[in-house]
Amino acid sequence: MSPQRSVFVPAYAKINWTLDVLGRRDDGYHELKSVMQTIALADVIRLTPTEPGTVFFDCDVPELGVQDNLAVRAAHAVQHLALSGSPGVRIELNKRVPTQAGLGGGSSDAAAVLVALNALWSLGLGTTELERIGADLGSDVPFFIRGGTSVVGGRGEQVEPLPDGEQLWLIVAKPPIGVPTPAVFRALTPDDFGHSVASDAIAEATRNGDPMPFDLLHNDLERGVLHNFAAVAQAHDALRRAGAPVVRMSGSGSALFAPFRMLDAAAEVYTSVAATGLPVWLTHTIAARAVHGEPLAAWQSAEEELRG
Ligand code: C5P
């Protein structure tokens with residue numbers, strides 16, 4: 001068997017430049033408007049063709065190595081669509097994106113598996129179809145099908161791609177606690193629901209090719225999380241004390257991010273925050289064109305080999 005028969009695919013995390021919560025819906029979810037952005041921090045997934053009809057899964061974080069993992073559910077969701085019978089895949093997941101952080105790691109894993117298997121198994125699904133399949137797996141999955149910068153609406157399933165905007169350095173810090181998304185949304189009161197002013201402004205700036213207006217970054221979930229989770233408030237203070245001019249929470253937290261135009265400024269803040277012992281990354285935005293590579297050739301020759 002050829003040693004080249006696996007492919008590695010990155011599953012990039014995201015931040016929310018903005019997250020406006022517009023109201024509670026009848027289905028229990030919340031109506032959102034958010035400008036989302038893929039970032040270079042990524043999980044790594046290795047896909048290997050295996051016996052027809054099977055999906056095997058390994059993960060280096062034992063508590064995530066379960067059969068209801070979103071990456072596994074993504075594979076099951078498309079396995080029956082292959083024309084060549086039901087192909088098999090082994091999914092190995094190297095978690096690098098912190099979980100319960102609001103960085104979308106699990107959703108990105110699912111999207112990366114959908115996109116890769118669509119290509120590797122020649123399923124012929126278009127972006128809209130992949131987004132629809134993704135929406136059944138989780139609210140953030142549709143965004144990750146394309147990645148880059150998008151305005152997201154509804155509960156997350158309406159994705160409007162934006163042109164790739166200003167490419168920026170980012171510091172991402174992870175307070176030593178995870179924040180459960182359902183609890184954060186449940187704690188909202190009608191006073192927290194507002195308009196999509198921030199998302200509309202950032203989307204407009206991006207469409208116009210303007211520099212990212214850092215002062216307009218906004219997250220409706222941030223106030224409640226900073227209030228209820230002292231560790232997040234402390235991490236926020238640590239970033240500010242280290243000199244980050246703007247600090248925002250990503251998604252429902254607990255991760256915080258700070259954007260920078262210049263690497264030297266980002267590096268200075270990184271060094272200072274790292275010295276406090278807080279887990280921190282110096283990373284950057286990832287443009288849509290860079291999100292999904294073309295891992296095809298190795299896979300196709302491997303499948304041919306399996307067929308003998
Ligand atoms: O769709 P997903 O399973 O990722 O959502 C996790 C939880 O986050 C939901 O069960 C819900 O409590 C909350 N949520 C929400 N409104 C959204 C997205 C998520 O209330 N638009």
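Trainee: How many nonpolar, polar and charged residues are in the lining of the largest pocket?
Mentor: This is a predicted model, where local features need pLDDT of at least 70, side-chain atom pairs count only at 80 or more, and totals for chains, interfaces and linings use all residues. Numbering starts at 1 along each chain, and side-chain values use heavy atoms, without hydrogens or water. A pocket is an open set of points on a 1 Å grid over the protein atoms alone, where a 1.4 Å probe fits with protein on both sides within 12 Å along at least five of seven lines; lining residues have an atom within 4 Å of a point. By class (Gly counts as polar, Tyr, Cys and Pro as nonpolar), the lining has 19 nonpolar, 19 polar and nine charged residues.

Trainee: Which residues lie nearest the centre of the largest pocket?
Mentor: The lining holds 47 residues. Elements giving two or more of them include strand S1 (7-24), helix H2 (105-120) and helix H3 (127-137). Nearest the centre are Ser107, Asp140, Thr181, Pro182 and Ser252.

Trainee: Where is the ligand?
Mentor: Its shell includes Thr181 and Pro182. Those two are also among the lining residues nearest the centre of the largest pocket. The space the ligand takes is the largest pocket.

Trainee: Which element gives the most to the shell around the ligand?
Mentor: The shell (heavy atoms within 4 Å) divides into four nonpolar, five polar and one charged residue. Strand S2 (30-50) and helix H5 (181-186) each supply at least two. The top contributor, with three residues, is H5.

Trainee: What is the distance from the polar side-chain atom of serine 139 to the ligand oxygen?
Mentor: Polar contacts pair N or O atoms within 3.5 Å. The side chain of histidine 30 has an N or O atom 2.8 Å from a ligand oxygen. Arginine 155 uses a backbone N or O atom, 3.1 Å from a ligand nitrogen. For serine 139, the distance to a ligand oxygen is 2.5 Å.

Key:
A polar contact is a pair of N or O atoms within 3.5 Å; within protein, one must be able to donate a hydrogen and the other to accept it, and residues adjacent in sequence count only if both atoms are side-chain atoms. A molecule sits in a cavity or pocket if more than half of its atoms lie within 2 Å of its grid points. Helices (H or I, at least four residues) and strands (E, at least two) are DSSP runs, numbered from the N terminus.
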